[in-house]
Amino acid sequence: MKKTILALISIVIIGTSCTQKSEPQNKFSNEAIQTVYSFKDARETDSLKQFLDYGDEQIKLEAISAFASLQDSASAVLLFEKISNENSNLLNGAIAHALGQIGQSTICNNMINVLSEIDSVEAKAAIIEATGKCMSDEAIESFVSIEINDNENLKQAHSWGLYRSGLKGVTNEKATTKALEYLNSNNSVETRLGAAHYLARTQNLDLSVYENEVVNSAKNDSNAEVRLASVVALLNVSS
């Protein structure tokens, strides 16, 4: 009986191992992907543009990723025009990320305005955070006033967008007030963390009038990373 049980176990193990050893598909066997990478390596952004209209979503994603890596500011307008034309959240998210990587401030207001044409919360969130990376002095007022409707995903994106904008040195008093609002313990950890990093890492902030709020976060927030960033933000409180 023992021999029979061992034999059955061996058969099961062998059968399982056989089914698990299927070779993963190599994406570089696809000729279109090979071409995208060739154009990317050669930094031929004009040649890459054709793949933004390719029928296969995966090829489009590879092309968008190439634009994000190359960070060619001349491609920003073309990529932006694709956002409202795409029905795929995945593609819109990838385009938003690419625009953020390019960081072209001239399309910042356009990115804010296009939010009203997007239904997907996921796509809106990607666009909002990417907008922070493209921020301009002309757009910061509109960015701070983006309609969030108390959606936690959008709050999180807005908070990190403010942080990205702060890193660029583009901010105003309303942006700081909004960050302090997001620092409130009622918000998610990620939302509070983005706000705390904005307060800690934005240059030339004077948080003296907000000292109590920052101290409260540094002492009482439930998340160690938020507390630590809030401690660093206290360096922006004038003594």
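Helices (H or I, at least four residues) and strands (E, at least two) are DSSP runs, numbered from the N terminus.

## The overall picture

With that in mind, the elements of this protein run α-α-α-α-α-α-α-α-α-α-α-α-α-α from the N terminus on, a total of 14 helices and zero strands. The model is a predicted one, in which local features need pLDDT of at least 70 and side-chain atom pairs count only at pLDDT 80 or more, while totals for chains, interfaces and linings use all residues. Residues are numbered from 1 along each chain as its sequence is written, and side-chain values use heavy atoms, with hydrogens and water left out.

Of the 239 residues in the protein, 44% are buried (buried means under 20% relative accessible area, exposed over 50%, and partly exposed in between, with a 1.4 Å probe and protein chains only). A contact means heavy atoms within 4.5 Å. Among contacts between residues at least 6 apart in sequence, 63% join residues at least 24 apart.

## How confident is the prediction?

The pLDDT is the predictor's confidence in each residue, from 0 to 100. The protein averages 86, and 87% of the residues score at least 70. Over residues 1-17, however, the pLDDT is below 50, and this stretch has zero contacts in the model beyond near neighbours in sequence. Residues 19-24 also stay under 50, with zero contacts beyond four places in sequence.

## Two helices side by side

Helix α2 (residues 31-41) and helix α4 (residues 57-70) pack at an angle of about 10°, with their axes 10 Å apart. That angle makes α2 roughly parallel to α4. Axes here are lines fitted to C-alpha atoms, for helices over the stretch in contact, and angles run from 0 to 180 degrees between N-to-C directions. Angles under 35 degrees count as roughly parallel, over 145 as roughly antiparallel, 65 to 115 as roughly perpendicular and the rest as oblique.

From α2, the residues Ala32, Ile33, Val36, Tyr37 and Lys40 meet Ile59, Glu62, Ala63, Ala66, Ser69 and Leu70 of α4. The residues of this contact divide into eight nonpolar, one polar and two charged (Ala, Val, Leu, Ile, Met, Phe, Trp, Tyr, Cys and Pro count as nonpolar, Asp, Glu, Lys and Arg as charged, and the others, Gly among them, as polar).

## Helix α10 and its cover

Helix α10 (residues 152-167) has 16 residues, which should span 22 Å at 1.5 Å a residue; its end C-alpha atoms are 23 Å apart, which agrees. The expected span is 1.5 Å times one less than the number of residues.

Buried residues of α10 include Leu154, His158, Trp160, Leu162 and Tyr163. What covers the buried residues of α10 includes α8 (121-133), α9 (140-144), α11 (173-182) and α12 (189-201).

Start with Cys134, in the loop between α8 and α9. Cys134 is buried, with a relative accessible area of 0%. Not counting residues up to four places away in sequence, Cys134 touches several residues, among them Leu99, Cys108, Met111 and Lys168. The C-alpha atoms of Cys134 and Ser165 are separated by 7.5 Å, although these residues are 31 residues apart along the chain.

Asn109 sits in helix α7 (residues 108-114) and is partly exposed, with a relative accessible area of 30%. Leaving out residues up to four places away, Asn109 touches Glu138, Ala139 and Ser142. Thr45 belongs to helix α3 (residues 45-48) and counts as buried at 11% relative accessibility. Beyond its neighbours within four places in sequence, Thr45 is in contact with Phe67, Leu70, Asp72 and Ser75.
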